[in-house]
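Colleague: I'm new to reading protein models. Could you walk me through a helix and a core?

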Amino acid sequence: MNINEALNLLNLSGTVSKDEIKKAYKKMATKYHPDRNPAGAEVMKAINAAFEFLSKIEGETLTHTDEENAYNYAENLAEIIEELQKLQGVIIEVCGNWIWLSGATKSYKEALKELGCFWAAKKCKWYYRPAEHKCRRNNKDWDMEEIRAKYGSSIFNPKNAGSHGHYALAVA
């Protein structure tokens, strides 16, 4: 995670103080608390990670260095997870700020494209990622185990879906 990604998760842009970061964190924690938001558990993990990352940085102010691409990624993440939960048989795995999809995805190909998901041919999985990751060039091909080890992993498992269609969260 970098400063811009963390600030996007807290819906902050420009130059912000540590107090503004704390206020934004409290606001986002209230909005995305798992008791209030169906996608809240995963979004809160990302928000907590962003706050922890920003808290460790020295200095009283931080600046979003890519103001042109500042946006509310937490809102975006919550919306996409909520839509993905409607797809029966699709396994949703959240690793850091990325969402990986496996299971019965074939019949949802067009719907996944419309949601902004991309196909990873080498992994045979669909993924959704923050917009700021689209231009990164990385010569190393990461396998899913390396990704899980570095960023952690939480899986919404459709086999554990309750009577209301909510998924049980299994942490890998």
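**Reading a helix, then a core**

Colleague: How far should the 14 residues of H2 span, and what does the model give?

Modeller: Keep in mind that this is a predicted model. The expected span is 1.5 Å times one less than the number of residues. For H2 that comes to 20 Å, and its end C-alpha atoms are 20 Å apart, so the two agree.

Colleague: Which residues of H2 are buried?

Modeller: Buried means under 20% relative accessible area. In H2 that applies to Lys18, Ile21, Ala24, Met28 and Ala29. They sit on the same side of H2, because their arc around the axis is only 135°.

Colleague: And what is exposed on the other side of H2?

Modeller: There you'll find Asp19, Lys23, Lys26 and Lys27.

Colleague: What covers the buried residues of H2?

Modeller: The cover includes helices H1, H3 and H4, plus strands S1 (15-17) and S2 (61-63).

Colleague: Now the core. Which residues of the largest nonpolar core touch the most other members?

Modeller: Ile99 and Leu101, out of 36 residues. Helices H1, H2, H3 and H4 each supply at least two residues of this core, and so do strands S3, S4 and S6. H4 gives the most, with 7 residues.

Colleague: What is Ile99 in contact with, leaving aside neighbours within four places in sequence?

Modeller: Its contacts include Leu77, Ile80, Ile81 and Leu84, as well as Ile92, Val94 and Trp126. Apart from this core lies another, of 6 residues, among them Trp100, Tyr127, Met144 and Ile147.

Terms used: Residues are numbered from 1 along each chain as its sequence is written. This is a predicted model: local features need pLDDT of at least 70, side-chain atom pairs count only at pLDDT 80 or more; totals for chains, interfaces and linings use all residues. Side-chain values use heavy atoms; hydrogens and water are left out. A nonpolar core is a set of buried Ala, Val, Leu, Ile, Met, Phe, Trp, Tyr and Cys residues joined through side-chain atoms within 4.5 Å. Buried means under 20% relative accessible area, exposed over 50%, partly exposed in between (1.4 Å probe, protein chains only). Helices (H or I, at least four residues) and strands (E, at least two) are DSSP runs, numbered from the N terminus. Contact means heavy atoms within 4.5 Å. The arc is that of the directions from the helix axis to the C-beta atoms.
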